[in-house]
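The sequence and the structure are shown first, and the description follows.

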Amino acid sequence: MQQLTLPAPAKLNLFLHILGRRVDGYHQLQTLFQFLDLSDEVTITTRDDGKLNLLTPFPGLADSDNLAIKAAKILQSATNSSLGADISIKKCLPMGGGVGGGSSNAATVLHGLNILWQTHLSDTKLAELGLKLGADIPVFIHGHAAWAEGVGEQLTPIELPETWFILVKPNCHISTAKIFQHQDLTRDSDPITVAAYLQRGARNDCEAIVRKQYPEVDKVFKLLNNLAPTRLTGTGACLFATFANRQSAEQALKQLPDDLQTFLARGCNQSMLHKHLQSRTNSI
Ligand SMILES: C[C@@](CO)(OP(=O)(O)O)[C@H](O)COP(=O)(O)OP(=O)(O)OC[C@H]1O[C@@H](n2ccc(N)nc2=O)[C@H](O)[C@@H]1O
Ligand SMILES: Nc1ncnc2c1ncn2[C@@H]1O[C@H](COP(=O)(O)OP(=O)(O)O)[C@@H](O)[C@H]1O
C-alpha cells in the first residue's frame, strides 16, 4: 500500500473571449489561465483489489459523478491497471466558482495515480484523457500559466507578472453549461494576439450575462471594482480584483464586509501541483 498527498490548485481566467460555437455545442475560446496559491488537498492510497473509493463524499454529488473518481476510472481503463485507490479530498476551493476545483482534483488524481500505479503516461497522454472529462483539465495537467484556444485545450505556456488578487465567492452557484447555453451570450469576439492583450487587456464575455442573471455577483462586482480592476473568472461565480503587491491587496481586503467569502491569493505561473511534483523528482 502506497500513499501520496498532493495539492489541487485553483486557476483564474484572466480574460475569456468566445469566438464561436462548434457543431457539438462546445464554444471556441481565447482565454488566459494563471494558477493561484490556493488549493484543495488530495490524498491517494493504492489498493490491490482494483476498487476506486471516495472516502470524502460530497453532499448532493454521487461519488461516480465526482471528477476525481471519473479521472481514476479513465486512467484505470486506459492502462488496464489492476490496482485501485482510496481517494480523500480536503476541499478548500469554492465549488461552481469558476476556479476549476473539480477539474484540478481530476488532474491531480491523474498525476498521482500515474505515479502510484507506475503507468508512466506522458503529460500529453494524461491531458488527452483529462480532456474527455472536461475542457479545463489539460491546463491543470500541464501546470503552467497558458494562453489557451480551441475549447481551452490548445495551450501555449506564458510568463505573466505574479500579481496579487482578492478573490470573492458571491453566495450563489453558477452552472457553466447554463451560461454557455444562454441565448444572450455573445459568441463573435474577434481573435486577439498575446501582444494586444498585454497592451490593452481584455474582457470576460460571460460577465455581463452573469451579472444580470445573478444580482449577488453584480453587487460584489461593484464593491470590488471600487477598490481595484475586477473581473469574473470563467463562467463565475467568483470575481477577482488585481493588485500589484500583497500590501495593497491586504489594505483593500480590510475595506470589504466581513460576511463575504474572500481569499487573498497570489498568481503563480507554475501550479502548486507541479512545484510539488518537481520537488519530489529532485529528492529521488
Ligand atoms: C468556462 C471555463 C473557462 O476556463 O471554466 P469554468 O468557469 O467552468 O471554471 C471552461 O471553459 C469550462 O471548462 P469545464 O468546466 O471543464 O467544462 P466542461 O465540463 O467540459 O463543460 C461544461 C459545460 O460547458 C460547456 N462548454 C465548456 C467549454 C467550452 N469551451 N465550451 C462549452 O460550451 C459544455 O458544453 C458543457 O455543457
Ligand atoms: N471533485 C470535484 N470538486 C468540485 N466539483 C466537482 C467535483 N467533481 C464534480 N464536480 C461538479 O462540478 C461542478 C463544477 O465544479 P468546479 O470545478 O468547482 O467549478 P467550476 O467549473 O465553476 O470552476 C460542481 O458543482 C460539481 O457538481
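## The shell around ligand 2

Which helices each supply at least two residues of the shell around ligand 2? They are helix H1 (67–79) and helix H2 (101–116); helices (H or I, at least four residues) and strands (E, at least two) are DSSP runs, numbered from the N terminus. H2 gives the largest share of this shell, 4 residues.

In total, 17 residues surround ligand 2, the closest being Leu67, Gly96, Gly101, Gly102 and Asn105. A residue is near the ligand if its C-beta atom, placed from the backbone, lies within 6 Å of it. By type, the shell holds 5 nonpolar, 11 polar and 1 charged residues. Ala, Val, Leu, Ile, Met, Phe, Trp, Tyr, Cys and Pro count as nonpolar, Asp, Glu, Lys and Arg as charged, and the others, Gly among them, as polar.

## Basis of the model

This is a predicted model, in which local features need pLDDT of at least 70 and side-chain atom pairs count only at pLDDT 80 or more, while totals for chains, interfaces and linings use all residues. Residues are numbered from 1 along each chain as its sequence is written, and chains are lettered from A and ligands numbered from 1 in the order in which they are written.

The protein chain has an average pLDDT (the predictor's confidence in each residue, from 0 to 100) of 97, and 100% of the residues score at least 70. The ipTM is 0.97 and the pTM is 0.97.

Strand S9 (residues 239–243) is largely enclosed by the rest of the structure, because 4 of its 5 residues are buried. A residue is buried if 20 or more other C-beta atoms lie within 10 Å of its own, exposed if 12 or fewer, and partly exposed in between, with C-beta atoms placed from the backbone.

Strand S7 (residues 164–169) pairs with S9 in the antiparallel sense over 5 bridges; two strands pair if DSSP finds at least two bridges between them. Ile166 has Ala241 in S9 as its bridge partner. Strand S8 (residues 230–232) also runs antiparallel to S9, joined by 3 bridges, and Arg231 stands opposite Phe240 in S9. The hairpin of S8 and S9 has 6 residues between the strands, and Gly234 there takes a positive phi near 55 degrees.

## Residue Gln247

Gln247 lies in helix H9 (residues 246–254). Gln247 counts as exposed because it has 10 C-beta neighbours inside 10 Å.
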